[in-house]
Amino acid sequence: MTTISASSMNEQLTATLMAWVSFFNDPLWDFLVIFLLAAGTFYTIATKAVQIRMFWQSVRVMKGSRKEGEDTHGITPFQAFVTGLASRVGVGNIAGVAIAIAIGGPGAVFWMWVTALLGMSSAFIESSLAQLFKVRDSETKQFRGGPAYYITQGLKSKPFGIVFAISLIFTYGFVFNSVQINAITNATSHSWGWDKANQTLSLGGLDLVVSWVGLVLVVLVAIAIFGGIKRIAKFAEMFVPIKAGLYLAAAFYIAFSNYEVVPEVFKLIFTEAFQFNAAAGGFFGGMISMAMMQGIKRGLFSNEAGMGSAPNAAAASDVKHPVDQGLVQMLGVFVDTFIVCTSTAMIILISGVYHDTSVMGVEMTQRALEMELGGWGGDFLAVLLFLFCYSAVLGNYAYAEGNMQFINNSPKVMFAFRILVLIMVYFGAISGVPLVWSMADLFMGIMATINLTAILLLTPYARTLLKDYTAQLRGGKKDPEFKIDQYPEMKKRVDSDIW
C-alpha cells in the first residue's frame, strides 16, 4: 500500500489554494487600494474632518463610559470600544507591521498612517450607522446590529445584507482566526521549539499531522465562544488594557534607550514612502508602489476601518446618541495604528532586523525584541502575542456570531457554526504564513468593498446624526440625546423603537 506523505499533501494543497487566492487577490487589491483612499477622503470631507475636530470629544466620551448604562441589555461604550480593540489589536499590529516592512520597506508605515487617518472618518460613519439601525434580539433582548442590519433597513435590501453577513462570517469567523492562531504557533515555535506539527499518526496508509499546540488552542477557544458577547466584552475589558500596556512599555523603553536613532527612523519612513516601484498591474498598477500596497493592506487588516467589522461591537453598546459610539470606535482606529502599530515599527526599524530578508512576520518582531531586550524579549512577545491573538479570536468570533444570528439563529445552526470556527482555528495552527495571510487579504477585500459601497449610499443618514449631535453640543448640552421622532423620514427606515 502506498503511503501518502503528509508534507507532500500539505504542499500540494497549499500551492493549489495559493494559486486560486492570488488569481482573485491581485485585481481586487489593484482596485481596492484606490477605493479605500478615495472613500476615506470623501468621508473626511463629508464630516468636515470629524477625526480631527472632534478627537478630544471622542476621548471624553470613551473616558466617561466605563459605568454600566441604564439599559442592562446593552454593553457599555467602553466595553464596545475594547471589544472592537480586542479584534483590532492582534497579530496585525505585530506580525502584520513586520510583513509590511519586510515586503514594502519602511515607507509602508507611512501608508499605514494615511490609511488610519482617513479610515477614522470611515469608522465614525459605519459605527454611527450601526447604532442607528441596531435592533433587540427577540430572545436575549441584547442589542444587535452592524452592516448586515443597516444594509437591510437603510438600503431596504435583505439579500445584500445576507451577502455581507456571509462575507464577514468567512472573514472573521474562519480566515482571520486562522491568521491569529498561526501567529501564536509560530511564536511558540520560535521561542520554545514547540513545533506546529509535533506528531504524525498513520491511519490506513495516510499520514495525519497532529499539532498539540493547535489542539490546546482549539480547547481554549471552545471554552470561550460558548459564552456570548457579554462574556467576551468583559474579558476584553479586563485584558486589552493590560496586554497593550505591557507591549507599549517595552516599545517606549526601546525608543527611549535609542532616542538618538528615532529621528532617523522617522526620516526613513517618510523618504521611502514615495519610492514608487510599481506593485501591481492593471489600470491602477502604475500608481501603486510596493510600500503603498503593503501599508494599506496591513493597515486595513490591523485597524479595520471601513471593513464593517467594528460596527458589530458598536451596535451592542447602550448610548444616548449614535454619534457617541461612532466617536469611540473612531478612537479605536487611532490607538491601533498610531500607537500600537507605530510601536512595532519603532522596535523593528531601530533594531535594523528588517534588513534580514530570511525572516518575516512575528519572527521578525521577536528577533527585534531579542536584539534590544536580550534573549527574554522573544519569550516576552510570545506570551503577549498569545494574549493579543486569543482576545482577537474572541472579538472576531463575536462579530461572526452576530452575523450568523442575522442569517439563521437556530441552536443547531449556531452549534454547527461554532464547530466550523474551531476547525479553522486548527487549520491556522498547521498552515503556512503566506497562505493564511493571502486568504485574509482576499476575504477582507471582499468584505470592505461591500461595506464601503453600503455606507457611501447611507452617508446622508450619518451626516444627519452628526449635525444633530454637534447642534446639541453648541446648544450647551454636555451629553446629546437622539430623538428619532424629529426625523420622520429616517424613522421610516429604522426597524426598532430604541430611539
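Which residues is glutamate 126 in contact with, leaving aside its neighbours within four places in sequence? The legends below take up this residue and then other parts of the predicted model.

View 1. With neighbours within four places in sequence set aside, glutamate 126 is in contact with Tyr150, Glu304, Ala305, Gly306, Met307, Gly308, Pro311, Asn451 and Ile455.

**View 2. Side-chain contacts of glutamate 126 with backbone nitrogens.** The side chain of glutamate 126 reaches the backbone nitrogen of glycine 306 at 3.2 Å, and the backbone nitrogen of glycine 308 is likewise reached by this side chain at 3.2 Å.

**View 3. Leucine 132 and the largest nonpolar core.** The largest nonpolar core has 159 residues, and those with the most contacts inside it are Trp29, Leu129, Leu132, Leu327 and Phe417. When residues up to four places away in sequence are not counted, leucine 132 touches Pro322, Tyr461, Leu465, Phe482, Ile484, Met490, Val494 and Trp499.

**View 4. Helix H19 and the glycine just after it.** Helix H19 comprises 16 residues, 459-474, and its span from first C-alpha to last is 22 Å, close to the 22 Å expected at 1.5 Å a residue. Buried residues in H19 include Tyr461 and Leu465, both of which are touched by leucine 132, and also Thr459, Ala462, Leu466, Asp468, Tyr469, Thr470 and Gln472. Just after H19, glycine 476 adopts a positive phi of about 95°.

Note on methods. Residues numbered from 1 in each chain as written. Predicted model: local features only at pLDDT ≥ 70, side-chain atom pairs only at ≥ 80, totals over all residues. Heavy atoms only, no water. Polar contact = N/O pair within 3.5 Å; in protein donor to acceptor, adjacent residues only side chain to side chain. Contact = heavy atoms within 4.5 Å. Helix = DSSP H or I, 4+ residues; strand = E, 2+ residues; numbered from the N terminus. Expected span 1.5 Å × (residues − 1). Buried < 20%, exposed > 50% of the residue type's maximum accessible area, 1.4 Å probe, protein only. Core = buried A, V, L, I, M, F, W, Y, C linked by side-chain atoms within 4.5 Å.
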